[in-house]
Amino acid sequence: MDLSPETTAATPATEGYDFTSGSLCLDFVNTASTHEPVTGEDLHSYAHVVEWARQARLLDEEQVAALYGAATDDRSAADAAYAGTLALRETIYRLVTAAIRERPASDEDLAAFNSALTANLQNARVAHDDEGFYRMWRDDVLPFDRPLWSVIDAAAGLLISPGTLSRLRHCAGERCDWLFIDNSRNHSRRWCSMSGCGNRAKAKRSYARRKRAAPPLPIEAAGSPSESRW
Ligand SMILES: [Zn+2]
């Protein structure tokens, strides 16, 4: 089995993930720049999945350490969980984009998602304290798919929420498949982020404007001042 650093589960990732889509499941989908095919992958191993969930505040430090430990002990199970994570991410991407395009979702994708959802429901609990009942995840087990529990829950919530789906957008950036919920006041958000695709588009527009506005270069300007002087 390949135990290169890429697949060594105990190698913690250090990069900062983006959580600005307005939805946990879209933040998860946005861990790749494009889909179909995937490019700009940000989850390179099971350790990255755990790190993403830590940054999303889905796991506490104790759970993170325990999952790293379990992944180090059973790398093939961690690798299988990693492959399952990426497959689920692409399934959610296709389901969500079917909603954006107002096309029916594929039976295969729905079956795959529903299988994950069914398994996930076994982890949901209702608890009670002084303030009343609340929902929580079981804490007596810590399987490799633990980082995904809230993601699957959020994806199911998004897919059945027409109000939120109507504000679901695909980034207008070139070579960017990031998805986000447009919560802007006049529903005019076009970019995954102004610092990323928004800035790139702005720079491109201003370059095109400058190019259009610039007068044709005099031939002399191509040479040095001494050459252009008679
Ligand atoms: Zn973008």
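Visitor: Which is Glu36, buried or exposed?
Guide: We are looking at a predicted model, in which local features need pLDDT of at least 70, side-chain atom pairs count only at pLDDT 80 or more, and totals for chains, interfaces and linings use all residues. Residues are numbered from 1 along each chain as its sequence is written. A residue is buried if 20 or more other C-beta atoms (placed from the backbone) lie within 10 Å of its own, exposed if 12 or fewer, and partly exposed in between. Glu36 has 10 other C-beta atoms within 10 Å, so Glu36 is exposed.

Visitor: Where is Glu36, and near what value is its phi?
Guide: Helices (H or I, at least four residues) and strands (E, at least two) are DSSP runs, numbered from the N terminus. Glu36 sits in the loop between H1 and H2. Most residues other than glycine have a negative phi. Glu36 is not a glycine, yet its phi is positive, near 50°.

Visitor: Which kind of peptide bond runs from Glu36 to Pro37, cis or trans?
Guide: Pro37 also belongs to the loop between helix H1 (24-29) and helix H2 (46-55). Most peptide bonds are trans. From Glu36 to Pro37, though, omega is near 5°, and the bond is cis.

Visitor: Which loop holds Arg175, which has a positive phi?
Guide: Arg175 is not a glycine, and its phi is about 55°. With 11 other C-beta atoms within 10 Å, Arg175 is exposed. Its place is the loop between strand E3 (168-170) and strand E4 (179-181).

Visitor: How far apart are the end C-alpha atoms of helix H4?
Guide: H4 covers residues 75-100, which is 26 residues. The expected span of a helix is 1.5 Å times one less than its number of residues. H4 should therefore span 38 Å, and this agrees with the distance between its end C-alpha atoms, 37 Å.

Visitor: Which residue after H4 has a positive phi?
Guide: H4 itself has a number of buried residues, including Ala78, Tyr82, Leu88 and Val96. The residue to look for follows H4 and has a phi near 55°. Its name is Glu102.

Visitor: How far is Ala83 from Ser45 in space?
Guide: Ala83 lies in helix H4. It is exposed, because 11 other C-beta atoms lie within 10 Å. Ala83 and Ser45 are 38 residues apart in sequence, but C-alpha to C-alpha they are separated by 8.7 Å.

Visitor: What distance separates the C-alpha atoms of Thr97 and His170?
Guide: Thr97 is in helix H4 too. It counts as partly exposed, because it has 18 C-beta neighbours inside 10 Å. Along the chain Thr97 and His170 are 73 residues apart, while their C-alpha atoms are separated by 8.1 Å.

Visitor: Which residues touch Cys25, leaving aside its neighbours within four places in sequence?
Guide: Two residues are in contact if their C-beta atoms, placed from the backbone, lie within 7 Å. By that rule, Cys25 is in contact with Ile92, Val151, Ala154, Ala155 and Leu158.

Visitor: How are H5 and H6 placed relative to each other?
Guide: Axes are lines fitted to C-alpha atoms, for helices over the stretch in contact, and angles run from 0 to 180 degrees between N-to-C directions. H5 and H6 pack at about 120°, with axes 10 Å apart. Angles under 35 degrees count as roughly parallel, over 145 as roughly antiparallel, 65 to 115 as roughly perpendicular and the rest as oblique. H5 and H6 are therefore oblique.
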